Each structure stands twice: as structure tokens, then as C-alpha cells.
Amino acid sequence: MKRLAAAAVLLSLAAVTACSSGSTTGDKSAGGGGGLFTTIDVNRPGIDPNAPANPYNPKGNSFLGYNAMKLAWIKNHMTDPNQFYPGIAESWEIAPDNSSITVKLQPDNKWSDGKPVTAEDVRLSIGIAYTQGSTAFAITPGAAGAAADVQVVDDKTVKVTQDMTNPSAKFARGVLDTYVAPAHVWGSVLPADFWDKLKASRGTGADAEKAREEITALGQKIIAFAPPKDVSAGPFVLQRANPGEALLVKNKNFYNAANVAPDQVKFLNYTGNEQIWNYLISGKLDHAGFTAAPPDVMNKIKQASGANIIKGYSPVAVGLAFNQSKKPYDNVHVRRGLAYLIDREQVVKVASPEGGTPAVTTSGIHQKPAQEWLGAELGALEPYKHDVAKAEEEFKAAGLQKKDGKWTLADGTPWKLTMHAPSGFSDWISAQENIKGQLTENGVDAEVVTVADYPLYLEEIAAGKYDAGFWLIALGPAPYDIYQRLYGASNGWTNVAGKIQHAAPGKGGNWMGGAEEIDVEGVGKVNPGELTGKLNAADAEAAKPIMLQLAKTANRDLPVIQLWDYVNTQFTNTGRFTGWPEQDSDLLRLPAGVWIQLGMVKKTS
Amino acid sequence: MSSAILETGGTAAAMRRNFWRGVWRVMRRKPSRLIGAVIVLGFAFMGVFGPMFHPELLPRDPDRIYAPMSAEHWFGTDGQGRDVLAQVVTGSRYVLLSALVTAVITVVLGTAIGLFSGFKRGRWDTVLMRLTDMKLTIPGLPLLLVLSTVWSFGSAVEMGLVLGLLGWGGVARAVRAQTLSLRERGFIEAARGLGLPTTHIVGRELLPSMAPYIAMNMLIAVTGAVYAQVGLFFLGVLPYEADNWGVMLNLSVFGGGALTTTAALPYMLAPLLAILLFTLGIVLVVDAMDEIFNPRLREE
């Protein structure tokens, strides 16, 4: 059974990439001084010794922030998607209208084999990004926030311009969130005529289609590419990997090597959460990303020598989403009734006491940024506090009938709420089991059904096979990203070449099947998909009133019942290293390798 | 004619009486066998009537998650605050019913194919035994893992059917071997010489001689089926059923940390003890059966 908590998935979905950074074990490394930093990669159980040091390979022995580098590291600021920490780039300049970004590389950075990191490396990496499907480097015609041109200004400067026919406020984010690979090692993965092909792919017609297919096909070749040895521009470079662990040693050529404390980093292998618990209880790890743990285990982890748990905001929440094409979920009163019936505090207490906080209401936004986006208006939203009487009122308003203590549909046929969850997402299953109990006790028949794995779950939910299932929402910080989970493709709205189009329920990936236009008290008639589309190009100030309208819409319309907002819980150990991020730091949303490369983590004296 | 029938009936009744007397003697000689029989009967009772003693939705208490063992909760509570023992009881029906279905299918199919093959010999034997060999070469667990991706095994009968269809190979081989050996014996030769029909020879002469062996195989198949399905649920490849023994094990270890801390230990131990006890019961009963049907083992 896959035992990663849903949180891990949500983290990767939110591009938070909660890579692990570990803790040091006591032994001094051969290099002296810095010592060994021990960690796990929470997003990837199992170390494959035969996997290449390839950041594009899902199993690759390339660890984000350690030996895999991006142009810059996204801060995931509450409201501003375009804040970063330096990575391969030392600085960047974003045009006021977001039309271009000029990236200056670290002047003294070298690859681990001694060659300098140049603008050519970045250009090649952007080429590779096109084959992998990236937001800024998308080959889909009309995609929002796509780059129009990549220009090498000089050896250390690259300028990328945005295609302004369908601009996005997070274009710079899309550009800087790009892996950088060494051109002198990876140069052969792209054919000599790649850039011509890319140009051809931007047109229309059969030739363009062929070019796009060829570029996409290159993606597989790149994923399989195995460099003879790891060449890294990060703080570490892979030395060896075996089934038990992967060992990385310090890259002496890294621009900030003098401030990188550990000499070595060891990624330990694990197959399930229980192994991570044991590592943490024995104080073996210097850092581990969020891992769901039952209360008793959590207490033991806290008691371990040097244990230091840091909590922060995780830009994601989970909600119970409905397929409104199915009865009775098309009726808003049924959804509201269920929202009143589910005691969210109890759900979180049972399912995710350490990993989440009960949602204050359904706004579509995580409660932390919601305060920034909505201000006092957040308090004015209907909180849907647990209230059985109100639930009954809503069910009656929906025309449901209560027979022998059980709610039935209006025509008297039995009603059973079937909730789906992927197998192995223990917090989701536990939450649904709790909801099932709560609902059944109040006359709503319910059941929990598990699905083999997460990809299958996503496939089936998109095919409209479920009545209701858990759905990750509020994937911040970009406002568009937050609401596209509620009023995006899954609810019928797609953004093609800057135009918002709506597909009928059951078509074009629309499985939520909500109404195209909603009459919201105090707001009037709104088309939530179009409003969401506007967020794509809006700056923070312009986005605020739209966010408020959408929050009110989500609150009254309830396409999902927001259950809990995730908490980013990071496990660290002060026994061997100090300088960990503060509670609530934005760095918690970045891999610990970034903390190390920025020079924050110090050896305990 | 009528007296002959009466006489035959009287002899049969006397034989039955003697048989049960023999059974009782065997049981008494080693009280452990009696205990085994009681355990197996107890589990059968639990599977049939147990769920009737509990509501469909077990009461839960979110304030008492992973509560320790107490007079109120003999094996504590689970991650939802539900009584663990009640889950073992309500979960027993699925496990035992599917195990029974598995055992019946294994034995019926295995015996039928083995008997037919061994008795007929020749071409039929070759074809059926090659089929059996092929079946035996298919590894069970990986096949089940693959099957579970397309089949949800929602009912106990479905589960039993699949496990049964996967498990008859060994029994078929063994029964064939026994048949081959028995068919050369004097009493079968005599029956053939008397011109008795094949159905009589197979049904009245061969099968009774092998009945003890088949019955023991059936019991052992029951335990095998319990392990197999609990294992599948434990691995999490089958859909979640709150009170299934395998799911309980899975949730206790991977959700409750039963192997890491003690809080969820009773939650893990309860289904484990149930499986252990049930296996013990079966083993003791098989031991008794062995002696009942094999007079040479009787320690008069």
C-alpha cells in the first residue's frame, strides 16, 4: 500500500516540492568540518540505485535543492506569485507589464566538473522544458503565460519574453521555475534543428502539429537520458546510490560553497511512513518533510533528542467535491445541508490533527491568505458551523424526505452518499470514514469506496464516475491557480488563447457540472469561470475584488465543502545542525536543500 | 427383500453409531482436539450470528481514539474510536464465508479433476494434468495483485471464487495420485470384475477411501484462504472495508503505527489473534480427523 499522506501529493501538486532535507548523524564526514546531513525525500519513497542523475526522471537520483537546481526558488508568498530566492539566477528583472524577464546568472557559479554555468546552459534547459510541458514553455497553442522568445544576451544573461496575446501574471514564475542542466553534458538530447522545430510548432496546420508531436516525443528521450556521471551546479553532487541510501558530497564549485555547512548529504531509503517515523523517533534524520503520523507516534517523535518541529502555511486545502450532474447534488440546498451536517473539527481531529486545521468556512482559499485577500469580509461569509437543525432545514428546502429517520430523495427513493478516496491516502480515508459516521448518525446513508491509486482516482473522478470525492483546492499563491480548482477545467471552463470557454457537464473534462452562471446574494449574477479567467492577467490589487466575488460565490454555491487547510509540518533536529527556518517561514515551502544552499543551516557547535 | 433392506439400514445405523463413538474416543484422548473443535465451532457461530449482535454502523467516540484495553473495550478502539473487538466479530463473516467458498471450490474442483484424471488415465489424464501443471506454475499472489486492479472483490463469494479457482491444482494432483494407487487395489479390481458401473466404483469405492484426505485438505484450504485474503487487504490492494481483518491490520500498522508505538497495538493484535486462534482450531481438528480416519494412528 502506498502510504504517503495525501499531503505529500498536495505539496507536489502545489509545486511546493517539500523535498526532504535531513538531519545529520553524529559521525564526522571524511571531508571534516561540516559533517553528514541525513534526510529523506518525502515525495519519493524508495531509492533506485540504477536511476540516472536526471532531474526530469521521476525516479532519478537528482534531489531538488541539493544536486538539482532551478533558476530560482519560488517563495510561494501568500498573494504575490512572483517572489523568489536566488538559485542559478543571482537576480532578475521583470518588465512592469510582465512582458519579459531578464535573468542574470550567479557570476561565480560552476558545475561540479569545473565548467562555468552559462546562459547557454539556461537556453538548453528552456529547450528541454518545452519537451516536458512547462507553464511558461508550453507548446500548446494559445496557452496562457507562454514564452514567445528566448534570447541569450551575454554569457551570464538571458531574456525571455512573454507572448502577450494571452498573458499571465505569473509568467516570471513559470520562467524561473525551470531546472537547469549542463549544456556540455546534456547538449545531445535536443536535435540541432530544435529551435526551428519550436518555431514551426507555433503555427497552425499539419506541419505545426507534427512539430509539436516531435517535441513532445523528445520528452521521453530526455526522461530516460542518463549522464555518465552527475554534473551539478547545486551545493551537492551525487557520489553513489544503493538500495539503502543515496550519498551526495559537497560541490566545491558551488557559488556559495563556503556557506554550505554539511560536507555530505545522505538520503535514506524508505517504503512507508512507518519507516520515517522510526527514523525520526531514533533521531536519525536532520530533516524530513511532512509525514502524516498518528498522535502517539507524533508524541514519540517530539520526545526524540533534538527534535524540532516547524510549522507553516501550506498553500492547499482539501474539500469534498460534488458531481453536480448527479442527483441530489445538483441542488445547492443538499450541498449546504451536508456542509452544516459535517463537523469539520471532528473530521480533522480524527484524520489529520497535525497536518491540518479545520477550514473556517468554504471560501475556496486557504484561511491564511484568505485573510489577506478578503480581509474583514472573510468573517461575513457563512461559516457553515456544525448545526443539525440547519441541515434539516436545507434538506427540506431541497425537497428531500425523512422516512424512519433516514433521508431519501424527493421521490422517496433511497439516497446514499458515496465518497471516493485513493487507497493509501490514510488521512483522506480516515476523514471520509468519520464523515460517513457523522452523516449516518444523522440519517444520511453514506459509504466510503477506495480506488487503487491516485492517478486512477484522478482519471475516474474526471470521467464523472463518482458522486463525491476529496479534491485539493486553494492551490496558491497565484489567484488564478487558487480558483481554477473550483471554476476551471474540472467545472467546465477552459482558457484557450486568452478566451474562456465553457463545456457542458460531462464534456471536455467538466465533471463538477456546476451552473455556468450563478446568482449570488449580495453579488448578483456571476460567471465564476470568466471571473477566474480574469485573475490570470490581474495584479494583486485588481485581483482583490474578483477574489472576494469568487469567495462569496464559492461560499454560497458550494461546489466543494472545504474541510481542512493543510499545515506544512517539517521535522528537523537541532542535535547536529541549527539555523532552521522560523515557524511560519516561507522557506518551509522549499526543499531543505535550498535552506542549506542559501547558507542558513549551520553546524551545531 | 424388505428384510434385507432393513438389515442393511440397521447395519448402516450401527456403523454410524460406532463412527461417532470412535470420534468421541479420539476427541477425549487429547482434550486439545476438543478445544480445537470448540474453537472452529465458535468461529462458525461468530461468522453466522456475530454481526447480528452489533449495529451496522458501530458506535464511535472521536474523543477516544486508539483507547487502551479496558473492560469496556477489550481490545481498545481504532482510529475512529470504535470498539476493535466488535470489528473483529463483524468482520469475521466476510473472512470465514469467503474462506469456506474457497475451500469448497478448491476441493470440489481438485477432487473432480484428480479423480477423473486418475481413473480415466490416457489422453484425458495428459490434458488435465498439463492444465494442472500450467495452473500450478502461475504464482498466486502476483496474479491476485493484478486481478485486484480490475476486480474489487466486493462480496465474500467473489473473493472465495477467485481464491478457489487459483487453489485447486495441488488437490487435483494429490487426488490423482491417490486414485492411481487405489485403482490397482484388489477391491477396485473386484468391483470392476463384478461389472459394477463406473459411477458406483468412483462414488462408492474410491471416494470414501479418499474422503478423510479430502476433508483435511478442505480444512487446510480454509486457513490458506484466510491468509490469502487477509494478506491482500493488508497490502491495501483491495478496496477498503472498515471491519475487514486485513484492513484492520493495515490501518493499525500504517495508520496507527502499531509497530512503532503501543497505542494501536491492541488494534493490530485483535485480528492477528483471531487468525491465530482460528488456525489453531483447524490444526487441532485436522489432527483429530487424521486419527479418526486412519485406524493405524489410533493409540488404543
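In helix H17 of chain A, the buried residues are Pro528(A), Gly529(A), Leu531(A), Thr532(A), Gly533(A) and Leu535(A). The model is a predicted one, and in it H17(A), which covers residues 528–535, is mostly covered, with six of its eight residues buried.

Chain A as a whole contains 19 helices and 25 strands. For its 605 residues, a compact globule would have a radius of gyration near 25 Å, and the value for chain A, 25 Å, agrees with this. Along the principal axes, the C-alpha atoms of chain A fill a box of roughly 75 × 60 × 40 Å. Buried residues account for 56% of the 605 residues. Among contacts in chain A with a separation of 6 or more, 70% are between residues 24 or more positions apart.

Strand S18 of chain A (residues 468–473) is largely enclosed by the rest of the structure, because six of its six residues are buried. S18(A) pairs with strand S12 (residues 307–322) of chain A in the antiparallel sense, over six bridges. In this region Phe322(A) has Ala468(A) of S18(A) as its bridge partner. S18(A) also pairs with strand S16 (residues 416–422) of chain A, here in the parallel sense and over two bridges. The bridge partner of His420(A) in S18(A) is Gly469(A). In general, the strands of a sheet pair through backbone hydrogen bonds, in either a parallel or an antiparallel manner.

An open sheet of four strands is found in chain A, with the order S4-S5-S7-S6 and antiparallel pairing. Its edge strands are S4 (89–94) and S6 (147–154) of chain A, each of which pairs on one side only. From one strand to the next, the twist averages 20°. S6(A) is paired with strand S7 (residues 157–162) of chain A in the antiparallel sense through six bridges, and Gln151(A) has Lys159(A) of S7(A) as its bridge partner. Helix H2 (residues 119–132) of chain A packs on the sheet and touches strand S5 (100–105), S6 and S7 of chain A. The direction of H2(A) makes about 165° with that of S6(A).

A helix pair in chain A is formed by H7 (residues 273–281) and H8 (residues 295–303), which pack with their axes 8 Å apart and at an angle of about 30°. Since angles under 35 degrees count as roughly parallel, H7(A) and H8(A) are therefore roughly parallel to each other. Trp277(A), Leu280(A) and Ile281(A) of H7(A) meet Val297(A), Lys300(A) and Ile301(A) of H8(A). By class, this contact of H7(A) with H8(A) comprises five nonpolar residues, no polar residues and one charged residue.

Ile301(A) lies in helix H8 of chain A. It counts as buried because it has 26 C-beta neighbours inside 10 Å, where 20 or more are required. Neighbours within four places in sequence set aside, Ile301(A) is in contact with Trp277(A), Leu280(A), Ile281(A), Ala293(A), Ala307(A) and Phe571(A). The C-alpha atom of Ile301(A) is separated by 8.1 Å from that of Gly283(A), 18 residues apart along the chain.

Chain B has 10 helices and zero strands. Its C-alpha trace spans about 75 × 45 × 35 Å along the principal axes. Of the 300 residues of chain B, 40% count as buried. Residues 24 or more positions apart supply 69% of the contacts in chain B that have a separation of 6 or more.

Between the two chains, 24 residues of chain B are in contact with 29 residues of chain A. On the side of chain B that touches chain A, helix H9 (residues 245–255) of chain B gives the most, with four residues. The residues on this side of chain B divide into 13 nonpolar, 10 polar and one charged.

Methods. Residues are numbered from 1 along each chain as its sequence is written. Chains are lettered from A and ligands numbered from 1 in the order in which they are written. This is a predicted model: local features need pLDDT of at least 70, side-chain atom pairs count only at pLDDT 80 or more; totals for chains, interfaces and linings use all residues. The radius of gyration is taken over C-alpha atoms; the globule rule is 2.2 Å times the number of residues to the power 0.38. A residue is buried if 20 or more other C-beta atoms lie within 10 Å of its own, exposed if 12 or fewer, and partly exposed in between; C-beta atoms are placed from the backbone. Two residues are in contact if their C-beta atoms, placed from the backbone, lie within 7 Å. Two strands pair if DSSP finds at least two bridges between them. Axes are lines fitted to C-alpha atoms, for helices over the stretch in contact, and angles run from 0 to 180 degrees between N-to-C directions. Ala, Val, Leu, Ile, Met, Phe, Trp, Tyr, Cys and Pro count as nonpolar, Asp, Glu, Lys and Arg as charged, and the others, Gly among them, as polar. Angles under 35 degrees count as roughly parallel, over 145 as roughly antiparallel, 65 to 115 as roughly perpendicular and the rest as oblique.
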